[in-house]
Amino acid sequence: MKTLRHDKTDPKYNLALEEYLLKHKSLDDDLFYVWRNTPSIIIGRNQNAFEEVHLKRIRNQKIPVIRRISGGGTVYHDLGNINYTFISHHPKEHLSNYEYFINKVIRTLSKLGINATFKPKTHIYVGNHKISGNAQSFHKGRVIHHGTLLFDTNLKALNHLLKTPTKKGHAIQSQPAKTKNIKALLFIEATTESFMNFLVDEVLYNDTALNTFHLTDKDKFIIQQMVKDKYQQWDWNYGSGANFKTRKKVNHSMVTFHIRKGYIQTITSNNDALNTLLSDILIDKPLRYSKLKQMIPPLNKHHINGETLIEKLCFYP
């Protein structure tokens, strides 16, 4: 097994890197590495961002929402949260076998006096508090298993930005849990960086120096192109998985907006004239404030409070 010495903290780059290593990079050995992101919300492949996140809060705080290629729930990342990634060539053995990978982390925690346990299907707990969530993705004979470790995360921000979903569509929804930071459980002083180094050394049995994998300039160029083409695109991060319907009061009528891949697909109500008016203005528009706010003047022109309606659709769907 090899590792990657990696200090980039851009969440778009880091998720593109994972996909590149899984799907496009030829690896002779299994790979394990750790990494961190600046404050960001990372959602699962099949999740609806509009159900998972307090959208107005993240907009005000300029926190990005990025979709990963694996399943699982929505998580908050910051520099106090440690992410770890395994890429293995043996998916038949490790297919959906979360415990195989998680036990390597639990063994490391035990050496620090932390009595962590695996909680099926995808979590690590200490007592009744969650300290890690995990997810997997598969591609042509390889599996990627990645997880979080709440080491010194801003748990107040985590709870402030993520919300308990209310069922509106068919997306996979997160299951909220009590959380705790690992740093609070340690009997010794440790920084996030020192813990990351310890984790890598333990998983690689202290052979890190001899088993370090390096990205080439070509690798980095392709990863940056993936960031541009996919991970900074609204259609991937928000639109994918956003299939639902929502009802809003417009003037004196209840109107149902049918959303497909983040775009307003159809509009229905008992008021045919209102349906026609709203459809002419909003059909095929994304639930993206920077785009929909352009529709405020034509809505206002027809005596509809455009700002209120657009805010409700974009931030409180």
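Colleague: Which residue in β4 does I43 stand opposite?
Modeller: I43 stands opposite R67 in β4. Keep in mind that this is a predicted model.

Colleague: How are β3 and β4 joined, and in which sense do they run?
Modeller: Strand β3, residues 40–43, is joined to β4 by three bridges. The two run parallel.

Colleague: What sheet is that part of?
Modeller: An open sheet of three strands, in the order β4-β3-β5. Its pairing is mixed. β4 and β5 are the edge strands, each pairing on one side only. From one strand to the next, the twist averages 30 degrees.

Colleague: Which helix lies across β3 and β4?
Modeller: Helix α1, residues 11–23. The helix runs at about 5 degrees to β4.

Colleague: Now R68. Where does R68 sit?
Modeller: In the loop between β4 (65–67) and β5 (75–77).

Colleague: Is R68 buried or exposed?
Modeller: R68 is buried, yet has no salt bridge. The nearest side chain of opposite charge is E18, 7.1 Å away. A salt bridge needs the charged atoms within 4 Å.

Colleague: Which backbone oxygens lie 2.7 Å from a polar atom of the R68 side chain?
Modeller: The backbone oxygen of G71 lies 2.7 Å from a polar atom of that side chain. The backbone oxygen of G73 is also placed 2.7 Å from a polar atom of the R68 side chain.

Colleague: What else is R68 in contact with?
Modeller: Leaving aside neighbours within four places in sequence, the contacts of R68 include L15, I42, I43, A135, H146 and W236.

Colleague: Change of topic. What is the strand order in the six-stranded sheet?
Modeller: β2-β6-β10-β9-β8-β7. The sheet is open, with antiparallel pairing. The edge strands are β2 (31–35) and β7 (117–119), and each pairs on one side only. Neighbouring strands are turned by 20 degrees against each other on average, direction ignored.

Colleague: Which strands does helix α7 lie across?
Modeller: Helix α7, residues 192–203, lies across β2, β6 (81–88) and β10 (142–150). The helix runs at about 175 degrees to β2.

Colleague: And K130, which strand is that in?
Modeller: K130 is found in strand β9, residues 129–139. K130 is buried and has no salt bridge. The nearest side chain of opposite charge, E52, is 10 Å away.

Colleague: What does K130 touch?
Modeller: Not counting residues up to four places away in sequence, K130 touches H123, I124, Y125, L150, A177, K178, T179 and K180.

Colleague: Last one, the hairpins. How do β12 and β13 pair?
Modeller: Strand β12 (residues 244–250) and strand β13 (residues 253–260) pair in the antiparallel sense over seven bridges. F244 stands opposite I259 in β13. The hairpin has two residues between the strands, and N251 takes a positive phi near 55 degrees.

Colleague: What about β13 and β14?
Modeller: β13 pairs with strand β14 (residues 263–268) in the antiparallel sense over five bridges. H258 stands opposite T266 in β14. This hairpin has two residues between the strands, with K261 at a positive phi near 55 degrees.

Conventions:
Residues numbered from 1 in each chain as written. Predicted model: local features only at pLDDT ≥ 70, side-chain atom pairs only at ≥ 80, totals over all residues. Heavy atoms only, no water. Pairing = 2+ DSSP bridges. Helix = DSSP H or I, 4+ residues; strand = E, 2+ residues; numbered from the N terminus. Axes fitted to C-alpha atoms, helices over the stretch in contact; angles between N-to-C directions. Contact = heavy atoms within 4.5 Å. Buried < 20%, exposed > 50% of the residue type's maximum accessible area, 1.4 Å probe, protein only. Lys, Arg positive; Asp, Glu negative; His and termini not counted. Polar contact = N/O pair within 3.5 Å; in protein donor to acceptor, adjacent residues only side chain to side chain.
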